[in-house]
Amino acid sequence: MDATCGMFGRSPDFMNIFFTGFASAADEFGKTDKRFAENVRTYHAHIREHDICLTHTLVNPQVDRSRPVEKQDKDLAAKIVKETDAGIVVRGARMVSTLCAYADDLLVLPSTYLANSKEAEPYAFGFSVPVNAVGLRFICRPSVVHQNAASVMDFPLSARFDETDAMVIFDDVLVPWERVFIHRDPELCNGLYNRTGIMPQIMHQFATKNLAKAEFMMGLGFAIAKSTNIDQHLHVLGMLSELIQFTEFSRACLRASEGDAAPPLRGGDPGGNAAVDHPDDVSENVREDVRDHPAPRCRRPCRRALLCRACRICGEGCCYVFPGSKRGCRDADQTFPIGLRRCGIILLGPATAL
Ligand SMILES: Cc1cc2nc3c(=O)[nH]c(=O)nc-3n(C[C@H](O)[C@H](O)[C@H](O)COP(=O)(O)OP(=O)(O)OC[C@H]3O[C@@H](n4cnc5c(N)ncnc54)[C@H](O)[C@@H]3O)c2cc1C
């Protein structure tokens, strides 16, 4: 997380933690057919042993949100069109798949509620395929990297940390049976995340990323303020103390979540290959950090905006002046401390002030 300053929301650990949660509750997948539970365990071991990077897609194309997926006029959503001895065949589209450009495998999972009916069954699945599977295509949004920038230093974050989002097209993709985790099973899809208890794991990863981002923004705010000695002013000190407070609040929630961790209450796999702790306490602590703080000013979206605002106000005019040439970057590389150089942050003012 620190390597990306918390700017990669879907760094590879996100999906690996996600799937570890599933593997720790693998029996849930085997309620109607035990082989699906086994598939989850085997796939978990595979991604763990081979350090596989996953992208994922949960959401159907937004065609007519007033109707369920099986009652759309335009039948665009990905669905199972047939089964063969080798596996299931999937046709249609799914929306946003972040990190696809870096991924080895695509994990396709349910999200919204599905009717428990025969018509909805073709849309009720969970599986994984390699990103280079025959018939699989990603249509990526344009990169946020500025194509005409004189130097990567002009856009130090966006030039380095574009995760890439894409729409996914399945053109009769064959998914082998051993990579199928849910098969025509709306009941299993609905409430899957609660029953497997993976939300605390996901929230913990969010909170870890948010702490890295808060630390980065705090360091940036302090570096800016110190570089021009504006930290002598009381209102600037107030903003800087908020940066500390927000960062340390995130750290405290994360630590509490780890301190209170305990084995899962149900659905666990204590002797299996993915025994993990995820009690309700973890969920409450990290959820407080991620979104539920009682004070509106301390809620995550608000905190993030305030972190950015503090850095912008402390920087003001100097934020607009970057050395956009190769020479500027070379000079900056020699002059500025390693931490800020790594982040690509260059501030006007003497390096010693940082
Ligand atoms: C930058 C980015 C990256 C993403 N990366 C991924 C990814 O890697 N993998 C992935 O699977 N998804 C990803 N997503 C997609 C994300 O999961 C969805 O955008 C999100 O679930 C919302 O779904 P939607 O976009 O279809 O919005 P919709 O469901 O169409 O909702 C739009 C708005 O309509 C309202 N609304 C819709 N339905 C209802 C309802 N039933 N009741 C009340 N209000 C309703 C809500 O106000 C909602 O905010 C990403 C999204 C973004 C923006």
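Predicted model: local features only at pLDDT ≥ 70, side-chain atom pairs only at ≥ 80, totals over all residues.
Visitor: Which strands pair with β7, and over how many bridges?

Guide: Pairing is read from bridges between strands. Here β3 and β7 pair over 7 bridges, in the antiparallel sense.

Visitor: What is the order of strands in the open sheet that holds them?

Guide: The order is β2-β3-β7-β6, an open sheet of 4 strands with antiparallel pairing. The edges are β2 and β6 (136-140). Each has a single partner strand, so one side of each has no neighbour in the sheet. From one strand to the next, the twist averages 15°.

Visitor: How many residues lie between β2 and β3 in their hairpin?

Guide: There are 3 residues between β2 and β3. The two strands are antiparallel and share 4 bridges, with β2 covering residues 79-83.

Visitor: Which residues of β3 stand opposite K79, I80 and K82?

Guide: K79 stands opposite R91. I80 stands opposite V90. K82 has V89 as its bridge partner.

Visitor: What about the other sheet? In what order do β1, β4, β5 and β8 come?

Guide: They come in the order β1-β4-β5-β8. This sheet is also open, with 4 strands, but its pairing is mixed. Its edge strands are β1 (54-57) and β8, and each pairs on one side only. The twist here averages 20° from one strand to the next.

Visitor: How many bridges join β5 to β8?

Guide: There are 3 bridges, and β5 and β8 run antiparallel. One place to look is F127, whose bridge partner in β8 is V180.

Visitor: Which helix lies across β1, β5 and β8?

Guide: Check what packs over the strands. Here α2 lies across β1, β5 and β8. The helix runs at about 150° to β8.

Visitor: Let me try a single residue. Is L307 buried or exposed?

Guide: Count the C-beta atoms around its own. L307 is buried because 22 other C-beta atoms lie within 10 Å; the cut-off for buried is 20 or more. L307 sits in helix α8 (residues 300-315).

Visitor: Which residues does L307 touch, with those up to four places away in sequence left out?

Guide: L307 touches A214, M217, L243 and F246. Take L243 as the example. L307 and L243 are 64 residues apart along the chain, and their C-alpha atoms are separated by 6.3 Å.

Visitor: Over the chain, what share of contacts between residues at least 6 apart joins residues at least 24 apart?

Guide: The share is 75%. Buried residues make up 39% of the 354 residues. The secondary structure comes to 10 helices and 8 strands.

Visitor: Last, the ligand. Which residues are around it?

Guide: List the shell, then sort by class. Around the ligand are R10, H56, T57, L58, V59, Q62, R65, M95, V96, S97, T98 and D165. By class, the shell has 4 nonpolar, 5 polar and 3 charged residues.

Key. Residues numbered from 1 in each chain as written. Near = placed C-beta within 6 Å. Nonpolar A, V, L, I, M, F, W, Y, C, P; charged D, E, K, R; others polar. Pairing = 2+ DSSP bridges. Axes fitted to C-alpha atoms, helices over the stretch in contact; angles between N-to-C directions. Contact = placed C-beta atoms within 7 Å. Buried ≥ 20, exposed ≤ 12 C-beta atoms within 10 Å, placed from the backbone.
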